[in-house]
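Student: Can you walk me through this protein? I'd like to start with the overall layout.

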Amino acid sequence: MKTIADIADWSRPAPAELAARVEAGLPVTELVKFGRKAGFTAEEIATLVHIPPRTYARRIAGKAKLDVTEGERAVRLMRLYDRALRVFGGHDRTRAWLQRKLRILGGRAPLDFAKTEPGAREVENILGRIEHGVFS
């Protein structure tokens, strides 16, 4: 069975499929696979998904599932990362852009700004403008 982490582009899967997987409890192993693919450390992933690092390590050791809130944050991170990857074309450039403080975001980095769904949508809008050559 194909896991969510195997999806090549998180910004495009059917929302109904993602919602069902999050509601059922996204396996932490899928988040681990994503982190490795994207080049994030376990501590960075835990911080980005707002799970205390020790709790995250216990979940990994027990191959637990994320609760709905954690699953939503994980999917938001993966969706945003893969959208940026399409724009920048490489993992190093993508991570660098996501971690760089941007004036358009009030001096905050896109990953920091995207802690909420509205913030993530704004970062996606900026990526869309970059992708289409509209710089602001």
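Tutor: Read along the sequence, the pattern is α-α-α-α-α-α-α-α. Keep in mind that this is a predicted model.

Student: How many helices and strands are there in the protein?

Tutor: The protein has 8 helices and 0 strands.

Student: And what share of the residues is buried?

Tutor: Of the 136 residues in the protein, 46% are buried. As for contacts between residues at least 6 apart in sequence, 60% of them join residues at least 24 apart.

Student: What do the buried residues of α2 pack against?

Tutor: They pack against α1 (15–24), α3, α4, α5 and α6 (91–99).

Student: Take α4 then. How do the axes of α2 and α4 cross?

Tutor: The axis of α2 (residues 28–38) and the axis of α4 (residues 53–61) come within 9 Å and cross at roughly 110 degrees. Angles of 65 to 115 degrees count as roughly perpendicular, so α2 and α4 are roughly perpendicular to each other.

Student: Which residues meet there?

Tutor: From α2, Val28, Leu31 and Val32 meet Tyr56, Arg59 and Ile60 of α4. By class, that contact of α2 with α4 has 5 nonpolar, no polar and 1 charged residues. Val28, Leu31 and Val32 are also among the buried residues of α2.

Student: Why would residues a few places apart end up on one side of a helix?

Tutor: An α-helix has 3.6 residues a turn, so residues three or four places apart point the same way.

Student: What about Ala57, buried or partly exposed?

Tutor: Ala57 is found in helix α4. Its relative accessibility is 43%, so Ala57 counts as partly exposed. The C-alpha atoms of Ala57 and Ala46 are separated by 8.7 Å, and the two residues are 11 apart along the chain.

Student: Now the loops. What is the phi of His50?

Tutor: His50 has a positive phi of about 60 degrees, although it is not a glycine. Most residues other than glycine have a negative phi. The place of His50 is the loop between α3 and α4. At 34% relative accessibility, His50 counts as partly exposed.

Student: And where is Lys63 found?

Tutor: Lys63 sits in the loop between α4 and α5. Its phi is positive too, about 50 degrees, and Lys63 is not a glycine either. With a relative accessibility of 63%, Lys63 counts as exposed.

Student: What follows α2?

Tutor: Gly39 does, and its phi is positive, near 85 degrees.

Student: Changing topic: how much space lies in the second largest pocket?

Tutor: About 260 Å³. There are 14 residues in its lining, and the closest to the centre are Thr47, Leu48, Leu77, Leu111 and Asp112.

Student: Which helix gives the most to that lining?

Tutor: That is α5, with 4 residues. At least two residues each come from α3 (42–48), α5 (68–88) and α7 (110–113).

Student: What classes of residue are in the lining of that pocket?

Tutor: The lining of the second largest pocket has 6 nonpolar, 3 polar and 5 charged residues.

Notes: Residues numbered from 1 in each chain as written. Predicted model: local features only at pLDDT ≥ 70, side-chain atom pairs only at ≥ 80, totals over all residues. Heavy atoms only, no water. 1 Å grid on protein atoms, 1.4 Å probe; cavity = no way out; pocket = protein on both sides within 12 Å on 5 of 7 lines; lining within 4 Å. Points joined across faces, edges and corners; volume = space filled by probe spheres on them. Nonpolar A, V, L, I, M, F, W, Y, C, P; charged D, E, K, R; others polar. Axes fitted to C-alpha atoms, helices over the stretch in contact; angles between N-to-C directions. Parallel < 35°, antiparallel > 145°, perpendicular 65-115°, else oblique. Contact = heavy atoms within 4.5 Å. Buried < 20%, exposed > 50% of the residue type's maximum accessible area, 1.4 Å probe, protein only.
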